[in-house]
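Please examine the sequence and the structure shown below. The paragraphs that follow lead through selected parts of the fold.

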Amino acid sequence: MPHPPRRPSPPTGPPPPFSRRRVLLGTGALALGSALGAAGCAPAPGSGSTTQVRFWSLFQGGDGARVQTMLDAVREQAPHLDVTPSTLAWGPPYYTKLAVASVGGRAPETAVLHLSRLPGYAPGGLLEPFDLDLLAEFGVTAEDFVPDLWERGIHDGATYAVPLDTHPVIVFYDAEVADRAGLLDGDGKLTGMDSPEGFLAASRALAEAGGGNGVSYGHVNDDSQGWRLFWMLYNQTGASMELPGGGPAVFDRDAALRVYSFLAELLDGRTSEPDLDYPTALAAFASGRSAMLVCGEWELPYLSEHVENLGAAPFPTVFDQPGGYADSHAFVLPRQGDPDPARVRAAHEFVALMVRNSLIWGEAGHIPAYSPIAQSPEYLALDPQSDYAAAGETPVLDPEVWFAGAGSRFHSDVSEALRTALTGDGPEAAVDHLGRTLDSWAARTNPGGQE
């Protein structure tokens, strides 16, 4: 999800220009990774040399350092794999290069793809399906993942993606201010925000207790944030949306109005500012000018450095059912012009080892998708990760259409509707704006020739 200076558009959300992300990689993570990697790592019978696995990703900064640590663990556990990583620029450049490489048959053996982008790749023949028997041989099966997440990687009955993580939108808060505002229960956990009225009252109580803003959220001049916030809350109402090829879009206008009206009341300029962009919202919370921040868990390393009493929790169930906007970094197998069976096997082993070493990834704030890690004592001992880990069980991913997903122009277009609700003509106009935008995208022709 898009970003500026600190790291080029991270997995989700823009980092502040002044951010420093330290790499906190515990030796316990490597130890657990070594234990998990003990089985299923032998080379194919009769192979006596290394097999190359070219690996493309978009991880830079702190995330890039953690991936490097995971790669070091893989090399230690499987020295017969010659892993050659390449880091490409985040966003449209990455996805364009991946598509071009697949079309030309010059793609790497494996790559990272946001799961939300899969509908634009798997149907068009840009990816190869995974061999589930091979994955199982290396210790990874469908049963090891949250069903909704795993199923998003399936197209026409074949599995095209193996999730590494879930990275949801959550709430970070100043625990000391939240306590003064009466929002912590007997166990010190956030409470009282599970309704529109409760959330609004909590925002005002936080502002009063902290002497600043209640909730910070950056959406103006951002390419994704307005859509993420709307889509999360819209799904919480239980409403559905259909974006059939050729259109028109079908969505619940009453539910959309309910969401935009709530946000207009929340971000009314009294206790929560309506015109913050991502870096200024992040800075407001990190400097104590607001007591709560709605953003992705990927900001945990930065916030841990700047907020002394940092608390975190899944985004509250404001409406009728739980759900937090999320995406997932997943491993895929780009289409090869002339696939080498040995490299295909090696790619499966590499992917399995990476997810089995994902405790390191969990230290960065991401929720490991691989259940044996996500449910391990080592992960559950991480603080505050364990406090928001439940958000990984109810992820709200983008609609399954070719034009949606991380880094897409669709995100920036639909985000405009929230700006209409807050700083334009109001919630009803925002619903009309959203409808026109959805119709426009549904009517477009997929350049890949697939709907």
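Which residue stands opposite Ala326 in E14? In this predicted model, the residue opposite Ala326 is Pro168. The pairing to which one may turn next is that of strand E8, residues 165-174, with E14: these strands are antiparallel and are joined over 2 bridges.

Strand E14 itself covers residues 324-327. In a regular strand, side chains alternate between the two faces of the sheet. In E14, Gly324 and Ala326 point one way, whereas Tyr325 and Asp327 point the other way. All four of these residues are buried.

E14 also pairs with strand E17, residues 395-396, through 2 bridges, and here the strands run parallel. Gly324 has Pro395 of E17 as its bridge partner.

Helix H8 spans residues 225-236 and helix H17 spans residues 409-423; their axes come within 7 Å and cross at roughly 70 degrees. Because angles of 65 to 115 degrees count as roughly perpendicular, H8 is described as roughly perpendicular to H17. On the side of H8, the contact is made by Gln225, Gly226, Trp227 and Leu229. H17 contributes Phe410, His411, Val414, Ser415 and Leu418. Of the residues in this contact, 5 are nonpolar, 4 are polar and none is charged.

The protein chain has a mean pLDDT of 87, and 88% of its residues reach 70 or more. Over residues 1-47, however, pLDDT stays under 50. For this stretch the model has 147 contacts beyond four places in sequence.

Terms used: Residues are numbered from 1 along each chain as its sequence is written. This is a predicted model: local features need pLDDT of at least 70, side-chain atom pairs count only at pLDDT 80 or more; totals for chains, interfaces and linings use all residues. Side-chain values use heavy atoms; hydrogens and water are left out. pLDDT is the predictor's confidence in each residue, from 0 to 100. Contact means heavy atoms within 4.5 Å. Axes are lines fitted to C-alpha atoms, for helices over the stretch in contact, and angles run from 0 to 180 degrees between N-to-C directions. Helices (H or I, at least four residues) and strands (E, at least two) are DSSP runs, numbered from the N terminus. Angles under 35 degrees count as roughly parallel, over 145 as roughly antiparallel, 65 to 115 as roughly perpendicular and the rest as oblique. Ala, Val, Leu, Ile, Met, Phe, Trp, Tyr, Cys and Pro count as nonpolar, Asp, Glu, Lys and Arg as charged, and the others, Gly among them, as polar. Buried means under 20% relative accessible area, exposed over 50%, partly exposed in between (1.4 Å probe, protein chains only). Two strands pair if DSSP finds at least two bridges between them.
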